[in-house]
Amino acid sequence: MSETTIPAELTDEAAALDAADELRGLRDAFTLDDVVYLDGNSLGALPRAVPARLADVVAREWGQLRIRSWEESGWWSAPERIGDRVGRIVGAAPGQVVVGDSTSVNVFKAVVAAVRIAQERGAHRDQIVVDEATFPTDGYIAESAARMTGCTVRAVAAGDVPTAVGPRTAVALVNHVDYRTGRLHDLPGTTAAVHAAGALVVWDLCHSAGALPVGLDAHGVDLAVGCTYKYLNGGPGSPAYLYVAHEHQPRFDSPLPGWNSHADPFGMAPAYAPADGAVRGRVGTPDILSMLALEAALEVWDDVRIEAVRAKSLALTDFFLRCVQRYVPAGRVQSVTPAVHAERGSQVALRCADAGPAMAELVRRGVVGDFRRPDVLRFGFTPLYTGFAEVERAARVLADVLGEVD
């Protein structure tokens with residue numbers, strides 16, 4: 001379909017939606033260009049506040065204050081301070097989120113600690129239930145945690161977790177949003193079902209935090225993990241976070257008892273004594289440069305309502321699906337992302353026989369999504385900086401590309 005044959009009503013609608021968007025001013029807080037960037041579910045855009053903040057950290061806090069910055073610049077308390085910032089976004093009261101390490105390391109800590117808590121309730125709890133479509137690392141770590149704790153792993157569809165858990169279940173590890181399809185799973189209902197079975201739940205929030213309300217405290221979640229480089233825009237390799245609900249903190253027995261989580265870290269005692277609170281989730285020396293870059297990135301959230309983010313996310317994905325339906329030749333793509341709002345995250349995944357070469361050509365033409373083998377085009381919508389005109393343009397370019405790619 002050539003651009004000259006595109007009907008005007010969708011471009012006009014996009015302009016009207018952009019004009020009415022209460023979040024539209026936030027786009028200026030990011031470093032962006034003319035590229036339609038729909039891969040924020042893999043790596044968020046750079047917030048403009050980060051370079052100057054990081055330059056100050058390097059030149060003044062490290063370059064001039066040096067070791068004094070652990071106290072004078074607040075380096076030592078950064079994991080908890082920034083954790084509380086993340087907590088506000090995912091619905092956690094202060095003192096329950098600690099930032100540090102990678103998502104993979106935090107999954108390991110959370111799952112092993114959850115099994116240990118569950119087995120205090122009864123040694124018969126020897127099963128870890130996992131989402132069978134989970135991001136691969138979660139599955140690998142669940143297997144390792146099972147070997148370490150004498151458990152077995154049972155993989156089931158995420159939607160079947162509520163009926164799969166039982167008297168032998170120690171913990172269920174579930175992704176809030178499926179990374180491949182964008183399906184949003186039922187966090188409140190699944191959490192309640194796992195608790196009814198006497199087990200604990202660990203939620204992976206990598207593809208939901210910063211895109212939709214999570215409500216960890218409101219829904220009684222036990223533990224949760226997530227990354228910060230997607231919708232939270234923390235930068236490549238930015239530290240992840242670990243949520244431990246207040247009620248579990250006294251019994252949180254980390255399999256990685258590093259010196260940073262010791263009750264008296266500078267006492268250098270040979271025996272480990274855990275600190276109180278979320279500090280138990282720390283391990284070694286914090287990665288200060290990337291952590292403070294994340295702190296600057298999170299400033300954009302100070303006056304943002306997560307409900308407004310969710311409303312725009314759904315509007316963006318609805319509009320994209322309508323544009324695709326209108327522009328793309330019939331039969332060339334099939335959405336594998338649920339149409340029902342309650343089951344959709346903030347991305348759209350389209351099954352396409354030519355997905356690999358099609359995405360390569362889309363990127364060449366200035367529309368950046370990503371390709372998941374064997375046949376999925378994946379487009380992520382970050383409400384803080386994605387506009388409706390960009391969405392319409394992306395669908396239009398996709399139609400052109402699929403009209404040319406055999």
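This is a predicted model: local features need pLDDT of at least 70, side-chain atom pairs count only at pLDDT 80 or more; totals for chains, interfaces and linings use all residues.
Residues are numbered from 1 along each chain as its sequence is written, and side-chain values use heavy atoms, leaving out hydrogens and water.

**Exercise 1.** Find how helices H11 and H12 are oriented to each other, and which residues make the contact.

*Solution.* 
- Step 1: Locate H11 at residues 355-364 and H12 at residues 388-404; helices are DSSP runs of H or I with at least four residues, and strands are runs of E with at least two, numbered from the N terminus.
- Step 2: Their axes come within 10 Å and cross at roughly 130°. Axes are lines fitted to C-alpha atoms, for helices over the stretch in contact, and angles run from 0 to 180 degrees between N-to-C directions.
- Step 3: H11 and H12 are therefore oblique to each other (under 35 degrees is roughly parallel, over 145 roughly antiparallel, 65 to 115 roughly perpendicular, the rest oblique).
- Step 4: Ala358, Glu361 and Leu362 of H11 meet Val397, Leu398, Val401 and Leu402 of H12, where contact means heavy atoms within 4.5 Å.

**Exercise 2.** Work out the strand order of the open sheet and name the strands at its edges.

*Solution.* 
- Step 1: Seven strands follow the order S4-S10-S9-S8-S7-S5-S6, with mixed pairing; two strands pair if DSSP finds at least two bridges between them.
- Step 2: S4 (97-99) and S6 (152-156) are the edge strands, each with a single partner strand, so one side of each has no neighbour in the sheet.
- Step 3: Inside the order, S7 (residues 169-175) and S8 (residues 200-204) run parallel, joined by five bridges.
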